[in-house]
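The following note sets out points on the model shown below.

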Amino acid sequence: MGQMGQMMKQAQMMQNNIKKAQELLATIDVTGEAGNGAVKVTMSCKNVCKRVEIDASLVGSVEDKDMLEDLLTAALNDTQKKIEAEVEQKMAAATGGMKLPF
């Protein structure tokens, strides 16, 4: 029982460490860019699109630019939700419905 108890303690400590890491990641944003910075996308480490920035030289007017940025942000977030649903479905099938952190 001593070795099993130690393993359980280690598993619990690992679970706490994972939770802390996930909480930290939720506060971190990362920006990627393309076209020498002409297009920038900022996302959280929880895969939520926070902002899309498009250089004004790539579009006709400020209104077009703002609308395009908003549409791209919404599309990226919609895609991420669909990815999460697909992953959850496939992993549930693979694990027999047992919930595991991914």
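**Note on the predicted model**

1. The accessible surface of the chain is about 8,200 Å², and carbon and sulfur atoms account for 59% of that area.

2. The model is predicted: local features need pLDDT of at least 70, side-chain atom pairs count only at pLDDT 80 or more, and totals for chains, interfaces and linings use all residues. Residues are numbered from 1 along each chain as its sequence is written, and side-chain values use heavy atoms, with hydrogens and water left out.

3. Two helices and three strands make up the secondary structure of the chain, in the sequence order α-β-β-β-α.

4. The C-alpha trace spans about 70 × 30 × 20 Å along its principal axes.

5. Of the 102 residues in the chain, 13% are buried. Buried denotes under 20% relative accessible area, exposed over 50%, and partly exposed in between (1.4 Å probe, protein chains only). Among contacts between residues at least 6 apart in sequence, 15% join residues at least 24 apart; a contact requires heavy atoms within 4.5 Å.

6. The chain carries 12 positive and 14 negative side chains, with 13 Å between the centres of the two sets. Lys and Arg are counted as positive and Asp and Glu as negative, while His and the chain ends are not counted. Each charge is placed at NZ of Lys, CZ of Arg, CG of Asp or CD of Glu.

7. The buried residues of α2 are Lys 65, Glu 69, Thr 73, Asn 77 and Gln 80. In general, an α-helix has 3.6 residues a turn, so residues three or four places apart point the same way. Strand β3 (49–54) is included in what covers the buried residues of α2. Just after this helix, Gly 96 adopts a positive phi of about 65°.

8. Two loop asparagines deserve a remark on backbone geometry. Asn 36, in the loop between β1 and β2 (39–44), has a positive phi of about 55° although it is not a glycine. Asn 47, in the loop between β2 and β3, likewise is not a glycine and has a positive phi of about 65°. Most residues other than glycine have a negative phi. Asn 36 is exposed because its relative accessible area is 84%, while Asn 47, at 38%, is partly exposed.

9. Which residues does Thr 42 contact, leaving aside its neighbours within four places in sequence? They are Asp 29, Val 30, Thr 31, Val 48, Cys 49, Lys 50, Arg 51 and Glu 53. Thr 42 belongs to strand β2 and is buried, since its relative accessibility is 12%.

10. Cys 45 lies in the loop between β2 and β3 and is partly exposed, with a relative accessible area of 30%. Beyond its neighbours within four places in sequence, Cys 45 contacts Leu 25, Ile 28 and Val 30. Cys 45 and Lys 65 are 20 residues apart in sequence, and their C-alpha atoms are 25 Å apart.

11. Thr 27 is located in the loop between α1 (2–25) and β1 (29–34). Thr 27 counts as exposed because its relative accessibility is 59%. Thr 27 and Lys 46 are separated by 19 residues in sequence and by 8.6 Å from C-alpha to C-alpha.

Note on methods
Helix = DSSP H or I, 4+ residues; strand = E, 2+ residues; numbered from the N terminus. Areas by Shrake-Rupley, 256 points an atom, 1.4 Å probe, with all protein chains shown as cover.
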